[in-house]
Amino acid sequence: MKIIADTSVCVGAGQCVLTESALFDQSEDDGTVIVLNPTPDGEALQAAAREAVHICPSQALSIVD
């Protein structure tokens, strides 16, 4: 699994950070997503990554398996 973030469409809603702060953060400059761990290990983190992709309001996140 690899998490991909398209910061050009990110609106800085922060839903990804609220879903899993071990995987995501937000830029202090513009609030866009920062992927802290693009290749998470373990079922719990992978499930959280998939949830973050699902709830992202701007669809800035995707996953490549």
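This note goes through the predicted model point by point, from the overall fold to single residues.

1. Basis of the model. The structure is a predicted model, in which local features need pLDDT of at least 70 and side-chain atom pairs count only at pLDDT 80 or more, while totals for chains, interfaces and linings use all residues. Residues are numbered from 1 along each chain as its sequence is written, and side-chain values use heavy atoms, with hydrogens and water left out.

2. Elements. The protein has 2 helices and 4 strands. Read from the N terminus, their order is β-α-β-β-α-β. Helices (H or I, at least four residues) and strands (E, at least two) are DSSP runs, numbered from the N terminus.

3. Overall size. The radius of gyration is 10 Å, close to the 11 Å that the globule rule gives for 65 residues, so the protein is as compact as a globular protein of that length. This radius is taken over C-alpha atoms, and the globule rule is 2.2 Å times the number of residues to the power 0.38. Along the principal axes, the C-alpha atoms fill a box of roughly 30 × 20 × 15 Å.

4. Burial. Of the 65 residues, 29% are buried. Buried means under 20% relative accessible area, exposed means over 50%, and partly exposed lies in between (1.4 Å probe, protein chains only). The areas come from the Shrake-Rupley method. Ala52, in helix α2, counts as buried because its relative accessibility is 0%.

5. The salt bridge. A search of the whole structure finds 1 salt bridge, defined as a side-chain nitrogen of Lys or Arg within 4 Å of a carboxyl oxygen of Asp or Glu. Arg50 forms a salt bridge with Asp65, and the closest N and O atoms are 2.9 Å apart. The pair links distant parts of the chain, 15 residues apart: Arg50 is in helix α2 (residues 43-55) and Asp65 is in the segment after β4 (61-64). Arg50 is partly exposed, because its relative accessible area is 40%. Asp65 has a relative accessible area of 70% and is therefore exposed.

6. The negative patch. Asp25, Glu28, Asp29 and Asp30 gather in a patch of negative charge on the surface. Patches are made of residues with over 30% relative accessible area and no salt bridge; like charges are joined within 9 Å, and nonpolar side chains (Val, Leu, Ile, Met, Phe, Trp, Tyr) within 5 Å. Lys and Arg count as positive and Asp and Glu as negative, while His and the chain ends are not counted. The place of a charge is taken as NZ of Lys, CZ of Arg, CG of Asp or CD of Glu.

7. Glu28 is found in the loop between β2 (24-26) and β3 (33-35), and at 81% relative accessibility it is exposed. Asp30 is found in the loop between β2 and β3, and its 51% relative accessibility makes it exposed.

8. Gln59 has a phi near 55°, a positive value in a residue other than glycine. Gln59 lies in the loop between α2 and β4 and is exposed at 68% relative accessibility. Val11 lies in the loop between β1 (2-5) and α1 (15-19) and is exposed at 60%.

Methods: Accessible areas come from the Shrake-Rupley method with a 1.4 Å probe; for residues, only the protein chains shown count as cover.
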